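Please walk through this model with me, sheet by sheet.

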Amino acid sequence: MAHKKGQGSTKNGRDSNPQYRGIKLYGGEFAKSGSVIVRQCGTPFKAGYLVRRAKDDTLYAVADGHVQYRGNRFVDIIPADTSIPRFDLVDKTAE
């Protein structure tokens, strides 16, 4: 007769890896093309000028430039390349 308990299944013993969500680049910091700006669940932050949203709602830069937060909601990139028009100049010409 066995004196040790058999190795049954246990209910705990699982632990998921952390998601590391949050703001990765703050306003004024330099972002290279393709770098992650915000990892988020849902869309508290919206993609602005020269920023795209990935399938998991992550915001990333499309061009090199400085990060700018507009109205606590939108994230823009002010391009470092002078051949790309800036957002504030594009916005004024649209009026």
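Two strands count as paired if DSSP finds at least two bridges between them. Strands themselves are DSSP runs (E, at least two residues), numbered from the N terminus. The model is predicted: local features need pLDDT of at least 70, side-chain atom pairs count only at pLDDT 80 or more, and totals for chains, interfaces and linings use all residues. Residues are numbered from 1 along each chain as its sequence is written, and side-chain values use heavy atoms, with hydrogens and water left out.

Start with E5 and strand E6 (residues 59-61). Three bridges join them, and they run antiparallel. Val-51 faces Ala-61 of E6. Both strands belong to an open sheet of four, ordered E1-E3-E6-E5, with antiparallel pairing. Its edges are strand E1 (22-23) and strand E5 (51-53), each pairing on one side only.

A further open sheet of four strands has the order E2-E7-E8-E4. Here the pairing is mixed. Strand E2 (30-31) and E4 are the edge strands; each pairs on one side only. E2 runs antiparallel to E7, joined by two bridges. Phe-30 stands opposite His-66 in E7.

Now the rings. Aromatic rings of Phe, Tyr and Trp (its six-membered ring) pair if their centres lie within 6.5 Å; planes under 30 degrees apart are stacked, over 60 edge-to-face, the rest tilted. The structure holds one such pair.
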